[in-house]
Amino acid sequence: MTQTAMSRLVTPPELTDGTMRIVPLGGLGEIGRNMAVFELNGKLLIVDCGVLFPEEHQPGVDLILPDFSYIEDRLDDIVAIVLTHGHEDHIGAVPYLLKRRADIPLIGSQLTLALIEAKLTEHRIKPYTLTVTEGQIERLGPFECEFVAVNHSIPDALAVFIRTEAGNVLHTGDFKMDQLPLDGRITDLRSFARLGEEGVDLLMVDSTNADVPGFTTAEREIGPTLERIFGSADKRIIVASFASHVHRVQQVLNAAAKEGRQVALVGRSMVRNMNIAAKLGYLTVPDGILVDIKNVDNIPDNRIVLMCTGSQGEPMAALSRMANGDHRVDVGTGDTVILASSLIPGNENAVFRVINGLLKLGADVVHKGSAKVHVSGHAAAGELLYCYNILRPRNVMPVHGETRHLIANARLAADTGIEEKNILLTDDGSVVDLVGGKARIVGEVECGYVYVDGSTVGEITDADLKDRRILGDEGFISIITVVNRSTGKIVTGPEIHARGFAEDDAVFDEVIPKINAALEEAVMSSNDHTTYQLQQAVRRVVGTWVNKRYRRRPMIIPVVLEA
């Protein structure tokens, strides 16, 4: 039987020397916020530290961080943070952790560290870094880490093999097995086979495409599609992608050069990341092809391509602002917009809203559902089966994915002969102990969402978000009343005001007698009543009336003053 996380919070036992403890603080049951903590003999190693982007039911939230409370009192025990690659869902929370301890060493590949260093500069943090390459081995406290090349949708991605006295763990990071990648850097299956022979006691493996049969399409198949679209477009072309998708930008540059178009990068993160990639040699920029966004108005529409952010419908990203008419680039009839990315679960409505806005402006919109303009960066089921058969791990812990992805990955592991008792289905906050080649779930720690809202971190709670949703969906009613402390008679009011209720305030004339009666009864029934009790009486009356009369549950704020 597959090991699954506890249904209730179970405090894990005290950790003994020689046992390694693994606690995922994000990335399980969600796409994003990837972070895992490894503990052995009093020292901590962190693999990845990313963010999760908010969904529609989290209004006003900018980012969601892992919950650092588990390690808050152990910051001095952290020997390093290993970053598998440079996507935001793996590096985005690093600045917030380094604000607690700035000298935690960051370990990663050249491009990954360049991207995080640029981000940390904005936070005024100068990190301690160690650049590693595939095949390199580093001793980090009780952990010996060997880095393995893997292919992903960003260059320079690495898996990490962690050797310890408690056992060996292979964390794949995000990966796929594109056999003909644009940069020629394939997932190193020869090293996987070697590590499999050495012994993988626990495989923590990317699950994002575990429910997709077969093999992920090769990245190079995108190029001909882009060239065809570019060749048939009569006016401007706007391509939206992730700001760190170097391979996709490379293909856009290549297609633009072939069709005699110039390219303007749009969006601060896009410009920053591509400048870094070009400087380090990961992006090849044809001479004269890049132009500043400020100069695009001087270039004929049939000679320009705009490469921008916003493929996930992010409200403040360039493409969303174009769709809303709130950007210096005015999208119009005949323009071609290409969404060159997948839909991250939870972003569907936001993306479709952007698509609809662009269509209303007269643009032709091309996306993954209508043309081959995106391939995934994650291994599909066929590739994962190959990995299981090559590595032959003793224990498997699917990571990086929603619950359906984790379960699909667990089934693949079982299909290859791994005993179900050695397959661990975990949640954020699950505690897994590894010793003597055996891994088991031993408990859970509290692990919630930490919301970044403007300049505040962790101050917004789920209750605050519930209030925001109520305000946005149901409206707001305030009732201000002054009553006589002795008799309960109304001295002034009730004054009732509503916002977002779609009804004239006059409709509340019907409930005013009910409020008066409730207040008088509350005062007369108790000599030591409190203002709070009177306010609750008003809230109950108004809430019951408005729900029965209008089938609504607005936020109700009663204010009762006694005179």
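Let's start with one word: contact means heavy atoms within 4.5 Å. Hello everyone, and keep that in mind as we go. What we have here is a predicted model, in which local features need pLDDT of at least 70 and side-chain atom pairs count only at pLDDT 80 or more, while totals for chains, interfaces and linings use all residues. Residues are numbered from 1 along each chain as its sequence is written, and side-chain values use heavy atoms, with hydrogens and water left out.

First stop, threonine 531. Which residues does threonine 531 touch, not counting residues up to four places away in sequence? The answer is Val560 and Glu562. Threonine 531 sits in helix α14, residues 531–550; helices here are DSSP runs of H or I, at least four residues, numbered from the N terminus. With a relative accessible area of 30%, threonine 531 is partly exposed (buried is under 20%, exposed over 50%, partly exposed in between, using a 1.4 Å probe and protein chains only). Threonine 531 and valine 559 are 28 residues apart in sequence, yet 8.6 Å apart in space, C-alpha to C-alpha.

Now to the inside. A nonpolar core is a set of buried Ala, Val, Leu, Ile, Met, Phe, Trp, Tyr and Cys residues joined through side-chain atoms within 4.5 Å. The largest one has 67 residues, and Met35, Ile71, Leu97, Phe230, Val239 and Ile338 touch the most other members. Helix α3 gives the most to this core, seven residues. Take isoleucine 71: leaving aside neighbours within four places in sequence, its contacts are Met35, Val37, Leu44, Ile46, Ile78 and Leu97. A second, separate core has 60 residues, including Val47 and Ala410.

Next, helix pairs. Helix α3 (residues 110–122) and helix α7 (residues 268–279) pack at an angle of about 135°, with axes 10 Å apart. Why do we call α3 and α7 oblique? Angles under 35 degrees count as roughly parallel, over 145 as roughly antiparallel, 65 to 115 as roughly perpendicular and the rest as oblique, so α3 and α7 are oblique to each other. Among the residues that meet are Leu111 and Lys119 in α3, and Arg268 and Ile276 in α7. The residues of this contact divide into six nonpolar, one polar and four charged.

Finally, helix α10 (residues 381–391) and helix α11 (residues 403–415): their axes come within 9 Å and cross at roughly 45°, so this pair is oblique too. Ala381, Leu384, Leu385 and Tyr388 of α10 make the contact with Asn409, Leu412 and Ala413 of α11.

Note on methods
Axes are lines fitted to C-alpha atoms, for helices over the stretch in contact, and angles run from 0 to 180 degrees between N-to-C directions. Helices (H or I, at least four residues) and strands (E, at least two) are DSSP runs, numbered from the N terminus. Ala, Val, Leu, Ile, Met, Phe, Trp, Tyr, Cys and Pro count as nonpolar, Asp, Glu, Lys and Arg as charged, and the others, Gly among them, as polar.
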